[in-house]
Amino acid sequence: MDSLQEIGGESSNSENTGNNNNSLSLTGNSSASSSAPTTPSRYENQKRRDWNTFGQYLKNHRPPLSLNRCSGAHVLEFLRYLDQFGKTKIHTPICPFYGHPNPPAPCPCPLRQAWGSLDALIGRLRAAYEENGGKPEANPFGARAVRLYLREVRDLQSKARGVSYEKKKRKRPLPSQPPPQLPPPPGAI
């Protein structure tokens, strides 16, 4: 649990690029065990930045919070806080463009974080929590309230923007057939 205490040790800015060489090492990182130094993947860099950003949020919280006291309610607070930095126009029910994916004119509706961005963020933070020594059963990013909030945001945005978020049906692979036998060339017999 000591590594969970270190979450507030570094500051992060969500606008950082992938060139940031912070010294936080995530336990369980498969690239750390190889003998040749490799650069972390884009996903690993983003996960580290998200983890640092959440750590800063906890550190700046009034009163400051430690990760082991963090609950799903605090995660929801963090997600609502992030909405102010969103870039996705979410139409209100009274807006004439409510339900239109591509409105023909500007409107005063608020900008919010897109559901897909929030969903991906929670997935990265959930993984980072466990990589940094957190127990899966105590993971605040996997709390029921967080899952319900994400579902509510998805449904609200789907209606407001006229975009459906239905799961895509997987295409079943066709049964493989052996390649057709070519007749032997003339005179090969």
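The structure is a predicted model. Its 189-residue chain has 35% of the residues counted as buried, and the secondary structure consists of five helices and two strands.

**Overall fold**

- Among contacts with a separation of 6 or more, 67% are between residues 24 or more positions apart.

- Helix 3 spans residues 72-82, and its buried residues are Gly72, His74, Val75, Leu76, Phe78, Leu79 and Leu82.
- The cover over these buried residues includes helix 2 (42-60), helix 4 (115-131) and helix 5 (144-161).
- In an α-helix there are 3.6 residues a turn, so residues three or four places apart point the same way.

**Packing of helix 2 against helix 3**

- The axes of helix 2 and helix 3 are 11 Å apart and meet at an angle of about 105°.
- Helix 2 is therefore roughly perpendicular to helix 3, because angles of 65 to 115 degrees are placed in that class.
- On the helix 2 side, the contact is made by Thr53, Phe54 and Tyr57; on the helix 3 side, it is made by His74, Val75, Glu77, Phe78 and Tyr81.
- By residue type, this contact between helix 2 and helix 3 comprises five nonpolar residues, two polar residues and one charged residue.

**Aromatic pairs and cluster**

- The model contains eight aromatic pairs.
- One of these is formed by Phe54 and Phe78, an edge-to-face arrangement with 5.0 Å centre to centre and 80° between the planes.
- This pair connects distant parts of the chain, since Phe54 lies in helix 2 and Phe78 lies in helix 3, 24 residues apart.
- Both partners are buried: Phe54 has a relative accessible area of 0%, and Phe78 has a relative accessible area of 2%.
- These two values place Phe54 and Phe78 in the buried class because the cut-off is under 20% relative accessible area.
- Tyr81 and Phe85 also form an edge-to-face pair, with 5.4 Å centre to centre and 80° between the planes.
- A single aromatic cluster takes in Phe54, Tyr57, Phe78, Tyr81, Phe85, Tyr129 and Phe141.

**A charge over a ring**

- Arg154 is positioned over the face of Trp115, at 5.9 Å from the ring centre.

**Loop positions**

- Pro63 belongs to the loop between helix 2 and helix 3.
- The peptide bond that joins Arg62 and Pro63 is cis, with omega about -10°.
- Gly99 is located in the loop between strand 1 (88-89) and strand 2 (111-112).
- With 32% relative accessibility, Gly99 is classed as partly exposed.
- The C-alpha atom of Gly99 is separated by 4.7 Å from that of Ala160, although these residues are 61 residues apart along the chain.

How values were computed:
Residues are numbered from 1 along each chain as its sequence is written. This is a predicted model: local features need pLDDT of at least 70, side-chain atom pairs count only at pLDDT 80 or more; totals for chains, interfaces and linings use all residues. Side-chain values use heavy atoms; hydrogens and water are left out. Buried means under 20% relative accessible area, exposed over 50%, partly exposed in between (1.4 Å probe, protein chains only). Helices (H or I, at least four residues) and strands (E, at least two) are DSSP runs, numbered from the N terminus. Contact means heavy atoms within 4.5 Å. Axes are lines fitted to C-alpha atoms, for helices over the stretch in contact, and angles run from 0 to 180 degrees between N-to-C directions. Angles under 35 degrees count as roughly parallel, over 145 as roughly antiparallel, 65 to 115 as roughly perpendicular and the rest as oblique. Ala, Val, Leu, Ile, Met, Phe, Trp, Tyr, Cys and Pro count as nonpolar, Asp, Glu, Lys and Arg as charged, and the others, Gly among them, as polar. Rings of Phe, Tyr and Trp (its six-membered ring) pair if their centres lie within 6.5 Å; planes under 30 degrees apart count as stacked, over 60 as edge-to-face and the rest as tilted. A charge sits over a ring if NZ of Lys or CZ of Arg is within 6 Å of the ring centre and within 35 degrees of the ring normal.
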